[in-house]
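Hello,

Here is the structure I promised to pass on to you. Have a look at it first, and then read on for what turned up.

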Amino acid sequence: MVKMEVIATSECTYVAKEDLVKFIEADIPDKKFFRIDEVAAYFSVGQMTIRRWIKNGILIHERWGGQIRIPRQAIINFRLNSYGANNV
């Protein structure tokens, strides 16, 4: 079980990790790799923030001919960590 806080009411509720993964997967577009601008838009942050997360090892990435691509699973793991869950 993963503890999730409901911010609006300051309550805590527990959700099975599998349910949380399904929720996150449904929220992410169905493709294997994303560009930095796509990930920045998804998280509602700037592209420099995504680059900083990559540089600091917070967000896993791959390089394809000098271009950075973020795997879908890395985004899922990042979201799980933000909820206090372990990586899948």
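Y42, at 21%, is partly exposed.

A note on the source: this is a predicted model, where local features need pLDDT of at least 70 and side-chain atom pairs count only at pLDDT 80 or more, while totals for chains, interfaces and linings use all residues. Residues are numbered from 1 along each chain as its sequence is written, and side-chain values use heavy atoms, leaving out hydrogens and water.

Now to the rings. The whole structure holds five aromatic pairs (Phe, Tyr and Trp rings, the last by its six-membered ring, with centres within 6.5 Å; planes under 30 degrees apart are stacked, over 60 edge-to-face, the rest tilted). Y42 and F43 have ring centres 5.0 Å apart and planes at 75°, so this pair is edge-to-face. Ring pairs also join Y42, F43, W53 and F78 into a cluster.

Next, the helices (DSSP runs of H or I, at least four residues, numbered from the N terminus). In α1, the residues K17, L20, V21, F23, I24, E25 and D27 meet R72, I76, R79 and L80 of α4 (contact means heavy atoms within 4.5 Å). By type, the residues of this contact are six nonpolar, no polar and five charged (Ala, Val, Leu, Ile, Met, Phe, Trp, Tyr, Cys and Pro are nonpolar; Asp, Glu, Lys and Arg charged; the others, Gly among them, polar).

Best wishes

Methods: Buried means under 20% relative accessible area, exposed over 50%, partly exposed in between (1.4 Å probe, protein chains only). Helices (H or I, at least four residues) and strands (E, at least two) are DSSP runs, numbered from the N terminus.
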